[in-house]
Amino acid sequence: MPSYTVTVATGSQWFAGTDDYIYLSLVGSAGCSEKHLLDKPFYNDFERGAVDSYDVTVDEELGEIQLVKIEKRKYWLHDDWFLKYITLKTPCGDYIEFPCYRWIAGEGEIVLRDGRAKLACDDQIHILKQHRRKELETRQKQYRWMEWNPGFPLSIDAKCHKDLPRDIQFDSEKGVDFVLNYSRAMENLFINRFMHMFQSSWSDFADFEKIFVKISNTISERVMNHWQEDLMFGYQFLNGCNPVLIRRCTKLPEKLPVTTEMVECSLERQLALEQEVEQGNIFIVDFELLDGIDANRTDPCTLQFLAAPVCLLYKNLANKIVPIAIQLNQVPGDENPIFLPSDAKYDWLLAKIWVRSSDFHVHQTITHLLRTHLVSEVFGIALYRQLPAVHPIFKLLVAHVRFTIAINTKAREQLICEYGLFDKANATGGGGHVQMVQRAMQDLTYTSLCFPEAIKARGMDSKEDIPYYFYRDDGLLVWEAIKTFTAEVVGIYYQSDQVVEEDQELQDFVKDVYVYGMRGKKASGFPKSIKTREKLSEYLTVVIFTASAQHAAVNFGQLFLGMYPEEHFIEKPVKEAMARFRKNLDTIVSVIAERNKNKKLPYYYLSPDRIPNSVAI
């Protein structure tokens, strides 16, 4: 009788093992096997991190193995199990890999296909077509769209973390506790410990140093020592946590009636202000988004205020960016003066502090929350709804949406909800942050997520004119590396543009993002469909770059871009493409390290060895 060797790998995360009964059935082209209990005498099967092997003998030839069924039945109490993969050694000595990387909860069943990525057009066998269709039908019931707030991108239909499908929850309670503890730590650090500082006027700028008590590294120390200087203020718009707002000024706005006479002490080329504009030496940061946003009134004992500044900056002869004029609100007038470097020291410093405060609000709510977290969740929900696990695009993107939906759900549950941390700590809490997202959705376009186009649209693309914009330089290197990689993967599975256009699952994924995530807004520029391999490569680059590099640049990340510990792909060409991708990223790491070697203020946030795969890793 034919005998198969079955190898089962259990996840290494907390609580991944199980004591439940595990049964296996094989489905082949010539028949199906009986259920086999996978159990070895006097042995604790399926422990966390274990790789266990079993001999399975069947009554008759099964032909080519098409599916593997795994059933889990209760032994004593319900015991969830994380199955990494199964490998099968056939009677003729061949090995077949069945990636899983999913939880089996309760008395559940998982049906696995072998690890070869397949488009729908590649499946000609009825049972495989049926498996593909049933998987999506099940997922679409689990992953439902929901409007959390009017005007927001749609999100997952779950009120709290425990309502999420098991496969996208944090791996364990320990993972959930990390988010909870982070929130509590933030509350303790900024709300409780320093509440007296925030609820009253500060009498000394030295009070800022108290915030840095627990933050100790070369960059934070340098910022703390130089934060009052104009050079540091300008540098932060280029390479700080929000390097996406500064743009080249091509025409002085009427709402900022600044003249040459007002700023001539700052202009080093002996040119009129209008001439400096023409030569491309003037830059602007406009916080118009904050105009009219309601300030936080959740605590009647604390008065909070918001500004909507316009800040004009100048590229000096050393090619450094420095501020030359600040207006704190949008409408000019006697009650809204223009502050200048020639003003009294603390008048100018306070004006810069207001700008930095406004920058903080836009950074946290728009640059970080909306344009990385919420956008990545849209891609993630659409991915699970429309692409089966066997699809090559699912295999490519799943690592880049890992835990994204979970961390966003926790944020809606604890951070940006009513009475959440935003309400307690931010001047935009109490509803202002919601108004900001609703407004910013008007500017959330597909093109603005394409890194090179976004840089060019702001007139910030010239390395010669703006030599110290490391966010741009490193971002372009990473963008091109990702795009080269995605183009390789697309080329492996899509032999022509026609195959792309006829991949209905792919088109449904793209349509879901547009119709639900982006609310079907034509002005967003998000494609409703994709018809060429080149456009598909670009789209995939947007998804990966947004979730990894862009988030790292505005959140200061950890690691893992280019690392795919869950081996969803088994094909040699893709593994070789991954290896080339990692090699390209290693080269970028070396380039950035060399550039940073002698810098007093190094920029490494887009160094690939510090970029997480997703917004939640």
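Which helix supplies the largest share of the lining of the second largest pocket? I opened my notebook with that.

**Ground rules.** I am reading a predicted model, where local features need pLDDT of at least 70, side-chain atom pairs count only at pLDDT 80 or more, and totals for chains, interfaces and linings use all residues. Residues are numbered from 1 along each chain as its sequence is written, and side-chain values use heavy atoms, with hydrogens and water left out.

**The pocket.** I found that helix 15 gives the largest share of the lining, five residues. Helices here are DSSP runs of H or I with at least four residues, and strands are E runs of at least two, numbered from the N terminus. A pocket is an open set of points on a 1 Å grid over the protein atoms alone, where a 1.4 Å probe fits, with protein on both sides within 12 Å along at least five of seven lines; lining residues have an atom within 4 Å of a point. I noted 30 lining residues, with Val 244, Leu 245, Arg 247, Arg 371 and Arg 458 nearest the centre. Strand 13 (282-286) and helix 9 (345-386) are among the elements that each supply at least two lining residues.

**Two backbone spots.** Gln 270 sits in the loop between helix 7 (260-263) and helix 8 (273-278). Arg 519, also not a glycine, has a positive phi of about 60 degrees, and I found Arg 519 in the loop between helix 18 (504-517) and helix 19.
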